[in-house]
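The following exercises are to be worked through with the sequence and the model side by side. Each task is followed by a solution that goes step by step.

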Amino acid sequence: IPARTSDQSLPLMQRRCDVYENAWKSFAGHGDKESFDILFEGMYARYCRLAMLLLGNREDAEDVVQEVFLNLWKSRESFEYMPGVESYLYRAVKNRCLNRIRDRKGTEDLSAAEGLESRYGLESLSESEIRKVVDDALGRLPEKCRTVFILSRFANKSNRAIAGETSLSEKSVEAYITRALKSLRAAFDKF
């Protein structure tokens, strides 16, 4: 077995992390546009997927991630380097999503989203792993429950709108959402 002699022999994910961390250092120290572009182009889609998972709405997810990167760019002159670009961006996006959920629907949904993230350490899973777990869990739900949850989280509809659309009471809609969230929590228990 040949010895590893270059960066090429490192796993792709490790090389990618090193590129982002180096760009992060350069950006933090100098507000370098090229470094910022590397971060934005390489990480924007990843954090949009995370925001989409938490918010259930593509436009809101993109807005949140754009706001995070815009604020990062605006603070480039005073920004100080701290190791862990992925952790920093993860926390920034997650917190903005939680703020958006709080503003949009109230503390019940906020605590559910925070509970999923902290309880299951979602930052340790890749987006594709998270997506697969969510898709599998939703696929196991009864059709009405799945429909209500998708309307709530992915179509961004209020409980009242969902109740009107599905001929359910608002309490039934809440119960279905709670059931779906419990199913998601149980699916993440395996990790």
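**Exercise 1.** What joins the side chains of Glu-174 and Lys-171, and at what N to O distance?

Solution. Before starting, note that the model is predicted, so that local features need pLDDT of at least 70 and side-chain atom pairs count only at pLDDT 80 or more, while totals for chains, interfaces and linings use all residues. Residues are numbered from 1 along each chain as its sequence is written, and side-chain values use heavy atoms, with hydrogens and water left out.

Step 1: the side chains of Glu-174 and Lys-171 meet in a salt bridge, at 4.0 Å from N to O; the term stands for a side-chain nitrogen of Lys or Arg within 4 Å of a carboxyl oxygen of Asp or Glu. Step 2: both residues lie in helix H9 (residues 170-188), where a spacing of 3 residues separates them by about one helical turn; helices are DSSP runs of H or I with at least four residues, strands are runs of E with at least two, and both are numbered from the N terminus. Step 3: Glu-174 is partly exposed at 27% relative accessibility, whereas Lys-171 is exposed at 64%. Here buried means under 20% relative accessible area, exposed over 50%, and partly exposed in between, with a 1.4 Å probe and protein chains only.

**Exercise 2.** Describe the secondary structure of the chain and its share of buried residues.

Solution. Step 1: the chain has 9 helices and 0 strands. Step 2: of its 191 residues, 37% count as buried. Step 3: among the contacts with a separation of 6 or more, 64% come from residues 24 or more positions apart, a contact being heavy atoms within 4.5 Å.

**Exercise 3.** Where do the partners of the salt bridge between Glu-86 and Arg-46 lie?

Solution. Step 1: the closest N and O atoms of Glu-86 and Arg-46 are 2.4 Å apart. Step 3: Arg-46 is buried at 13% relative accessibility, while Glu-86, at 25%, is partly exposed. Step 5: the count for the structure comes to 8 salt bridges, and a network of them links Asp-60, Glu-67, Arg-96 and Arg-100.

**Exercise 4.** Which residues form the aromatic cluster, and why is the pair of Phe-36 and Trp-73 called tilted?

Solution. Step 1: the search of the whole structure finds 8 aromatic pairs; rings of Phe, Tyr and Trp (its six-membered ring) pair if their centres lie within 6.5 Å, with planes under 30 degrees apart counted as stacked, over 60 as edge-to-face and the rest as tilted. Step 2: the rings of Phe-36 and Trp-73 have centres 5.0 Å apart and planes at 55°, so the pair is tilted. Step 3: Phe-36 lies in helix H2 (residues 33-55) and Trp-73 in helix H3 (residues 58-74), so the pair ties together parts 37 residues apart in sequence. Step 4: Phe-36 is buried, with a relative accessible area of 11%, whereas Trp-73 is partly exposed, with 23%. Step 5: one aromatic cluster is formed by Phe-27, Phe-36, Phe-40, Tyr-44, Phe-69 and Trp-73.
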